[in-house]
Amino acid sequence: MSELSAQVRRWVRPEIQDLVGYKVADPGDAIKLDAMESPWPWPGDLRDEWLNRLSEVALNRYPDPNCGDLKKVVREVFEVPACAELLLGNGSDELIQLINLAIAGHGRTVMAPAPSFAMYRVIATLSGSEFVEIDLADDYGLDLAAMQAAVGKHQPAVTYVAHPNNPTGNGLDLDEISSLALSTEGVVVVDEAYYAYADSSFLPRLLDHPNVLLLRTLSKVGLAGLRVGVLIAHPEWVEQLEKCRLPYNVGVLAQVSAKFALEHRQQLDEAIKRVLGERSRLAEELRHMPVVERVLPSETNFITFRLKAIPASRAYKHLLAEGVLVKSLDGSHPRLSNCLRVTVGTPQENDLFLGALSGLS
Ligand code: PMP
């Protein structure tokens, strides 16, 4: 071992050395159907107007640390109750990190269902917290009794639930989230990254549950490149979380662009509608494919499905060779064995994916 390696080994915290970091696949020339992005770029005429808006930005100045103008529009678009407060982040990933930093931290426990969003574990490890996973029920909903028992045993400081859940795609039962929130003294974070594609939201119940923090993101509705995440919660939580936020965490280009996009939200809404239409078609076509064993119900902009007889690793490689990048979930959790996750693309992209998949035998 070189001197430097020994030094790195000595000083980097052991739990970080053991951590498997979040990996982003290199798409090369393939169509990206692996990361729940919107397949549609910003339309041409609006692009010019947006570029004009950007040309007025003073890049020599720091951005507004409070994202005041953007928050006003977000509040309106998300119909945030007047007595709830907002905190914006560099994607909701940053907000998860911030919550853990302020509330979980060293020696405390973070809990989440399994399988769920991979970053809950990664960020819990970064914040020095214990991480407890509770398997989802057979229907991929919450196993409420098991989660409540775990609350009693581990007293989690923070419990994450993604509604709808990634990587399964299904929505959760709002009454069960409420019951979970009532049975823990800690915080419950309801992560609504896929709110735009879901049948329900916890937002109308937020004020009934002072220990719930709600997360949303603009990443799944056509603005993944901006990195804007939104936390909605009681002002007392936000006041404390604000102390952990780096002062200029959302850049000026992101603030101005997100505000512009939300002011033209009918464009976003149309794209969401098209995704919903394509999601139904894709699910229907997948259900009829001989290589597909099961299609999980989706309230998101992706579909998770299990293959029959053919190993997911082979299907993944075959799809990539045919120019389509999806996500293999095989090996990530026993409930996802031999499963792939595909993001809903444009009709052409989806046809390419379906054509490539049907070529498997
Ligand atoms: N929560 C969930 C459930 C997600 O699936 C994702 C993205 N994959 C995120 C949060 C993070 O989104 P972002 O950081 O882009 O806002």
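Let me begin with the shell around the ligand, whose residues divide into four nonpolar, six polar and two charged, where Ala, Val, Leu, Ile, Met, Phe, Trp, Tyr, Cys and Pro count as nonpolar, Asp, Glu, Lys and Arg as charged, and the others, Gly among them, as polar. This is a predicted model, in which local features need pLDDT of at least 70 and side-chain atom pairs count only at pLDDT 80 or more, while totals for chains, interfaces and linings use all residues. Residues are numbered from 1 along each chain as its sequence is written.

Among the residues around the ligand are Met 36, Asp 93, Ala 193 and Ser 219, a residue being near if its C-beta atom, placed from the backbone, lies within 6 Å of the molecule. Helix α5 (residues 91-104) gives the largest share of this shell, three residues; helices (H or I, at least four residues) and strands (E, at least two) are DSSP runs, numbered from the N terminus.

Now to Lys 220, which an unreviewed UniProt entry annotates as "modified residue: N6-(pyridoxal phosphate)lysine", although such annotations may be inferred rather than shown by experiment. Lys 220 lies in the loop between β7 (212-217) and β8 (229-233). Is Lys 220 buried or exposed? Lys 220 counts as buried because 26 C-beta neighbours lie inside 10 Å, and the cut-off for buried is 20 or more other C-beta atoms within 10 Å.

Finally, the sheet: seven strands form an open sheet in the order β2-β8-β7-β6-β5-β3-β4, with mixed pairing, where two strands pair if DSSP finds at least two bridges between them.

Definitions and conventions. Buried ≥ 20, exposed ≤ 12 C-beta atoms within 10 Å, placed from the backbone.
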